[in-house]
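This report describes a predicted model. It covers strand pairing, chain architecture, domains and chain contacts in turn.

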4 protein chains.
Amino acid sequence: MKYSFKNDYSEGYHPAILEALMKHNLDQQLGYGEDVYSKEAKKLVNKKLQRDSQIYFVSGGTQANLIVISALLKPYQCVISAATGHILNNETGAIEATGHKIISVETEDGKLKAEHIIAVLENHQNKPHQVMPKLVYISNSTELGTIYSKSELTELSHFCRNNGLILYMDGARLGHGLSSHISELSLFDIGNLTDVFYLGGTKNGALLGEAIVINNEILFEDFAFSIKQKGGLLAKGRLLGIQFLELMKNDLYFELAKNANVQALKLSDFLKTYNIQFLAETVTNQVFPILDNSLIDALAENFEFYIWKKINDEQSAIRLITSWNTSDQAVEDFIEAMKKYI
Amino acid sequence: MKYSFKNDYSEGYHPAILEALMKHNLDQQLGYGEDVYSKEAKKLVNKKLQRDSQIYFVSGGTQANLIVISALLKPYQCVISAATGHILNNETGAIEATGHKIISVETEDGKLKAEHIIAVLENHQNKPHQVMPKLVYISNSTELGTIYSKSELTELSHFCRNNGLILYMDGARLGHGLSSHISELSLFDIGNLTDVFYLGGTKNGALLGEAIVINNEILFEDFAFSIKQKGGLLAKGRLLGIQFLELMKNDLYFELAKNANVQALKLSDFLKTYNIQFLAETVTNQVFPILDNSLIDALAENFEFYIWKKINDEQSAIRLITSWNTSDQAVEDFIEAMKKYI
Amino acid sequence: MKYSFKNDYSEGYHPAILEALMKHNLDQQLGYGEDVYSKEAKKLVNKKLQRDSQIYFVSGGTQANLIVISALLKPYQCVISAATGHILNNETGAIEATGHKIISVETEDGKLKAEHIIAVLENHQNKPHQVMPKLVYISNSTELGTIYSKSELTELSHFCRNNGLILYMDGARLGHGLSSHISELSLFDIGNLTDVFYLGGTKNGALLGEAIVINNEILFEDFAFSIKQKGGLLAKGRLLGIQFLELMKNDLYFELAKNANVQALKLSDFLKTYNIQFLAETVTNQVFPILDNSLIDALAENFEFYIWKKINDEQSAIRLITSWNTSDQAVEDFIEAMKKYI
Amino acid sequence: MKYSFKNDYSEGYHPAILEALMKHNLDQQLGYGEDVYSKEAKKLVNKKLQRDSQIYFVSGGTQANLIVISALLKPYQCVISAATGHILNNETGAIEATGHKIISVETEDGKLKAEHIIAVLENHQNKPHQVMPKLVYISNSTELGTIYSKSELTELSHFCRNNGLILYMDGARLGHGLSSHISELSLFDIGNLTDVFYLGGTKNGALLGEAIVINNEILFEDFAFSIKQKGGLLAKGRLLGIQFLELMKNDLYFELAKNANVQALKLSDFLKTYNIQFLAETVTNQVFPILDNSLIDALAENFEFYIWKKINDEQSAIRLITSWNTSDQAVEDFIEAMKKYI
C-alpha cells in the first residue's frame, strides 16, 4: 500500500485517546454532553482561554460551520470568505443549504484583511436589494497552510468589532496554526480576538470532534437548540468529552500538531534545496510544491497526494499533508524518492 | 450515584468494539467512508438483507432522519408520522428545518396502519393549497416499545407501494425490535418491506453511529451529496465502519439487544405480579408501568428514570429503559426496592 | 353561470380603486414602495392606529404570513396556531418551508386562549430536544368566521407579553372582523394589542394586497430585506399604495366589509327560521349551515359553495361567503331556492 | 420633478391594460389562475410558441426566479450564472435562501457560453464534496442590455441538453431582447431552445406580472404547489390573466418594447457622435455611456439615473433606461442637456 500524504484524517486515533475511552467506558453518564468528562474538558479549554466562553462539542468541521453560521445569522445576512475558504469549495453548499450566501473574495495567501471587507461592504449598499454582509469567515491555519500574524488578526478583529461584523475562525487546523514555528498567537489570543471559533480534533489525533467556542457574550443564546436541530448533538456526548479532555491535558493537542508541522517543514526544507517553488510558504502541516508533471507521475507510484492546481502545461502544484502520526521514516522515504526522480 | 434506567445511551461502548478500534488503529485509510472496514461492514449488512442496498453510515438518529427525509422529498411534499414519533417530539423541529411539514396522526400503540394514511390522504385533496403527503415515517420498535407484526408491516408496505408513498423506518431500536420474543420479522423482511430504514448503533452498544439502508432502487441517487451537505459525512469514516463490522459479525448486534429485552421483560413480569398496568405491553427494552406518585417518589431516590405521562392526580406512567449493559444486579435491586415500597 | 358563494376573491375590484389607478397612472414614481401613494397610505393607516408602526405592502396572505414568521423567528423557534389556522391547512406548508414548525391546537371556535398556550408551553420543556414556542398566530375574523371579543384579545395579548411570545394576527378578513355587528374592537385596539398584524385587501375589494403592520418596536429591523428575499417586493409598489390609500380614505375598507357582513347575516337569519344548526354563529361574512345532503345537492345546481365538513351520513356543513360585491338579489335568489327545496 | 431614466418600472401601466381590467371587472371568476382570462392568455402564449408548454403567472421577477430554481433543483444542486446576473446582485440572496448556491462566472458581455460552463464542470469533480452544477441561468436581454444571437443560444442549448443541464432564461426584459433591431430570435425560438423561461410584464407596461413558461416536459410536475408554497399564487389570478391577454393580443407586448428600444438607440446614437465609449453596445433599452464625472453631476441636476460603475478617477459609466412610455420629448430634453454641458 502506498504511503498517503493526502490528508490528516487517513490516520487512526492517538493511543492515549483510545486508552482514555477504555478507562472511562463502563460508568453511566448523562447523555447529550451533560457527562462529567465533557464538563471537565470545557473547563480546561476555558482555563487556557482565561475566559468563560460557551463551549459545545460536535462531530465534524462542516457540521460546526453550518451550525455556527446558521445560528448566528438572520435569513438575509451573509458570510464573507476568502475564495480559498473550505465552506466555499469543499462543503457541498452546506452553508447555502441553510439559506445564507457566501461572498467570495480573492486573496493572495488565503487570508482576509480589512481592505477586502471594506470593498465588499462598499459593494453592498443597495438596500434591501442585496444581502447584508454580517459574518467574516476565516481559517487559521488557512486552506493554503498559511497563518495570521498577531497584528493581522488584531487589525481584522478590531475592524469587525467597529463595523458590527461577527468574526468566526474555522479551526479545523488551529492546533497546527498555533504550533507553527512562526506563530505569534496563543489560544488565549484566539479567544480574545474572535467572536466564535472552533478547535479541530478530527485532523489532530481524535476519532472525531470539534469544539465550538463562543467568546462574544452577545451571541450566547440557546445554541444547544441549533446543534440539536441540525443533527449535531451526540447522544453519547462522553465520546467527545473524553477525547478533548485527553487532548487538552498536558497540551497533547499542541504536541501532536507540532509533530505534523515539523515533518512538513522537513519536506519543505528539502524541496527548497532544489530551488522548487511553492504555492505558499510552508509554516504548518501543508506543503504545496510546484513540480514537473513527470516527477509528479513518478512520485505517485509510491505515494498518495492531491494534485492541487495546474500551473502550466509542464507543471502542477501538489499538496502534501503531514499529521500527528507521520513518521520520520515516511518523510525520509519521500525525500529518497524525490532524490531518485528529480 | 443512582443507577439509571433513563435511556440506552447512558452506557459506554461494548468492549469488543473498543478492542476492534484499537486493533485497527494504526493503518492509513481513505477518508469519508471509503475505508476497507466500512466497505466490509456494508457487505455484511447486505448479506443479511440478501439485497444490494445502498448503505451509508452517519453519526446519530436525528441526523439520519433529517438527511433521509430532506433527500427524498420535493419541497412541497411532507411526512406522515404517528403522534408519538421521535421526529415530532424530540428532534427540535429538525425535519421542518429542512422545509418539510410532518402530519401527526393519533394512534393507540405508536404504530401506523393503512387506515391512518387513508384518512390523511383524503384530507389533503385541495391541490395545490395543501402539502402533498409522500413519506410514511414509522419506528420499530416504536417510541412506546411496541413492534410491528409481519402482517402489519406487510400490509402497510403494500399500501405505500400502491399509493406512491415512500415507507421509511426509524430503526434507532431496530435491534431491540427484531430481537423481541414476539417478533416475526427479520432484517431480511425489513429490507424487503421498507424503501429506506436505518439500523441504530448508538442505542445498542456503539460509541455512535447509524446505518442508513436504501432498498428501493428508484431512490438510489447521489445520496452522498446529501450526507455531506448536512454535515453528516465523517472524515474518519473508519470509526463507523469498524463498529458496524464488529456489531454485525456473529450477530453481536442482536445479542446485545436481546439482553436489553430480557432485562426489561424481567421488570415487566415482576410488575405484573402486582397487577400493575402499563401504557403498552413490554416486548422490547422499554417498560411503561403506571405507578402511584408516592411510589415513584420513593423509587426516584435510588434510581433515575423518566416520568413519562401524568395519568391522573394519583398516578403517572414512568419509563424504564434497559440496555445491552443492564446487569441482573441492577434489575434485582430495582425489584427489591419495589418490594420494599409497594 | 351559477352564482358563487365560494369565496371573497371571485369578484373583481372596487370601482373606486380602478379609477384611482387610472387617475394616477401616468406620473413617474420611485419603485419598491418608495412612491408617494404608498407613503401617504401608510400615514393614513398609522393615523387610525394612533401609532408610528412600520408598514409594508405585499401581494397576498400566504406571502405575508411566511415573510412575517420567517423574519421574526430564529431557526429553532416555532409557531402556535389553532388547528383551523390558515397557515396549517391552506398554505401548502409555506411556513414549514421556511424552516419553522407549527404546533396545532384544537379549539372550539377557531380562537386561541391563554390556556391553550399554557398547555403547549408545559409540553415543550425538554430543552433543547423540542422546538421553542415563540409566536402565537391568530386570525380575526377566524377561519370559522368568529371574532375575538375585547377581553379575549386583551387577555391573550397580556399573556403573550408576560411570556415573551410574539402575538401575530392574520387579518385576511380583518375588515370583516372589525365591522361585525358584535365587534368591540377597533383598528386602534389591534395596533395596541398585537405585535404584528396584517390588514387584508385581497378579500375586501382590492386587486391584490395586504398591509403588514409591525407595532412592537423591538421587532423593527431590516424587514424590507426579508420581503425582497422572499420575492414579495413589487417593483411598481404604487399599485399597492394607491389601493390602500383609496381603501383607507373615508373608511371605504370598513364599508365594503360591512356590506359583506350584512348579506351573510341575512342568509343566517333566514336559515335560523328553519331551525338550521351552524358550525359557528354567523358574525362576519362566513356562514356555515348544516344541511341535509339532498338539499345541498339541489342548491349546488344553481349556486357555487364549498362543502366544508361531513357531519354524518345524512348531513354536511357548507360554507357560504359573501363579499363587498354580493348583491341583495343574489341573497334573495339563494333564499328563494332554499324555500323551494327545503 | 426630474425626469427619470432610472428604470423601466417608474411608469404606470399601459392604458389598454387598465381599460381591460375595467371592462372585465364585474363578473365572478374562479380564483388562483383558474379564471377564463388566464386560460385564454396561456393559449395565446402557447400559440406563439407553437408548443403546449405549462404556463404560470406570478407577480415579480425575483419571485419567478426563486420559485423556478427551488422547484427544479435537488438540495445539493446549484446554479451557474454570469457574474452580472440579477440573481447574484439584486435579489437579496433569494436563491440561496431556498438552499441553493449560485456559481458566479466572469464574462465580457453578460452572456454565458459553453466554455464558461465547461470550466465550472471541470472544477466541480470532487464528489460529493462540492455542489453539483445543474441549472444554467441566463438573461435575455442581459443585465448589460446585450442579447444572445441565434447561434449563441443554440450552441448553449445543445451543450446543456448534452450535459444534463437545465437551461433557464430570465426574461424580465425578454420583450426588449426579442424586439431589438439586431435580434435573430423569436418567442418560438426561446420556447424551443430553453427548458424554462419567463416573460416579463412588470418592465414592459403591466401593473405587475411575469409568465413562467416550462417547455421541457420532463420538468412538468406539480409546479403549482411550488408557487403556492412560496407565496406566489394570487387569489385574484384574473389580474394577471387579463393583463397578459392584453399584452399578447396584437403583439402589444413587442410594440411597447420596441418603443423603449428605439428611444434608447436615439440616446446611444447621439452619444456616439461625441465619440463616447459604452460599457456595452446599445441594442435594447439600456444605455451605459462612460462620462466625465463633472458631466454626470451636471446631468444629475435635471435627470434621474444610476451611476453604474466607476471607471477611473475622472470617469464613470451611468445607466439610462428607457421604457414603453419614454417620450420623444424626454429623449430630446436629455440630448439638449448633454449638448449644453459637454
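Strand 12 (residues 306-310) of chain D is joined to strand 13 of chain D by 4 bridges, and the two run antiparallel. One bridge pairs K309(D) with A317(D) in strand 13 of chain D. Strand 12 and strand 13 of chain D make a hairpin, with 4 residues between them.

Strand 13 of chain D also pairs with other strands. Strand 10 (residues 290-292) of chain D runs antiparallel to strand 13 of chain D, and 3 bridges join them. Here I290(D) stands opposite A317(D) of strand 13 of chain D. Strand 9 (residues 286-287) of chain D is antiparallel to strand 13 of chain D as well, with 2 bridges between them. In this pairing Q286(D) stands opposite I321(D) of strand 13 of chain D.

The pairings are set out below.

| Strand of chain D | Partner in chain D | Bridges | Direction |
|---|---|---|---|
| strand 9 (residues 286-287) | strand 13 | 2 bridges | antiparallel |
| strand 10 (residues 290-292) | strand 13 | 3 bridges | antiparallel |
| strand 12 (residues 306-310) | strand 13 | 4 bridges | antiparallel |

How buried is strand 13 of chain D? Of the 7 residues in strand 13 (residues 315-321) of chain D, 5 are buried, so the strand is largely enclosed by the rest of the structure.

## Chain A as a whole

Chain A holds 14 helices and 13 strands. Its radius of gyration is 20 Å, close to the 20 Å that the globule rule gives for 342 residues, so chain A is as compact as a globular protein of that length. Along the principal axes, the C-alpha atoms of chain A fill a box of roughly 60 × 60 × 35 Å.

Buried residues account for 58% of the 342 residues in chain A. Among contacts in chain A between residues at least 6 apart in sequence, 73% join residues at least 24 apart.

## Two domains in chain A

The domain assignment of chain A gives domain 1 (3-9 + 253-341) and domain 2 (15-251). The centres of domain 1 and domain 2 of chain A, taken over C-alpha atoms, are separated by 27 Å.

The two domains touch. In chain A, 19 residues of domain 1 are in contact with 21 residues of domain 2. Which element gives the largest share of the domain 1 side? Helix 12 (residues 252-273) of chain A does, with 8 residues. By type, the residues on the side of domain 1 of chain A that touches domain 2 of chain A divide into 11 nonpolar, 5 polar and 3 charged.

## A loop residue: R51(A)

R51(A) sits in the loop between helix 2 (36-49) and strand 2 (54-58) of chain A. A buried residue would need 20 or more.

Leaving aside neighbours within four places in sequence, R51(A) is in contact with N46(A), G191(A) and N215(A). S323(A) lies 272 residues from R51(A) along the chain, and 29 Å separate their C-alpha atoms.

## Chains A and B

In the contact between these chains, 37 residues of chain B meet 37 residues of chain A. On the side of chain B that touches chain A, the elements giving two or more residues are helix 1 (15-23), helix 3 (61-72), helix 5 (94-97) and helix 10 (223-229) of chain B. The residues on this side of chain B divide into 15 nonpolar, 18 polar and 4 charged.

Chain B superposes on chain A by a rotation of 180° with 0.0 Å of shift along its axis (RMSD 0.0 Å). The two copies are thus related as by a two-fold rotation axis. The same surface serves both copies, as 100% of the contact residues of chain B recur in chain A.

## Chains C and D

Chain D has 37 residues in contact with 37 residues of chain C. The elements of chain D that give two or more residues to the side touching chain C are helix 1 (15-23), helix 3 (61-72), helix 5 (94-97) and helix 10 (223-229). That side of chain D divides into 15 nonpolar, 18 polar and 4 charged residues.

Technical notes. Residues numbered from 1 in each chain as written. Chains lettered and ligands numbered in written order. Predicted model: local features only at pLDDT ≥ 70, side-chain atom pairs only at ≥ 80, totals over all residues. Contact = placed C-beta atoms within 7 Å. Nonpolar A, V, L, I, M, F, W, Y, C, P; charged D, E, K, R; others polar. Buried ≥ 20, exposed ≤ 12 C-beta atoms within 10 Å, placed from the backbone. Pairing = 2+ DSSP bridges. Domains from an automatic or database assignment. Least-squares fit on C-alpha atoms with pLDDT ≥ 70 in both. Rg over C-alpha atoms; globule rule 2.2 N^0.38 Å.
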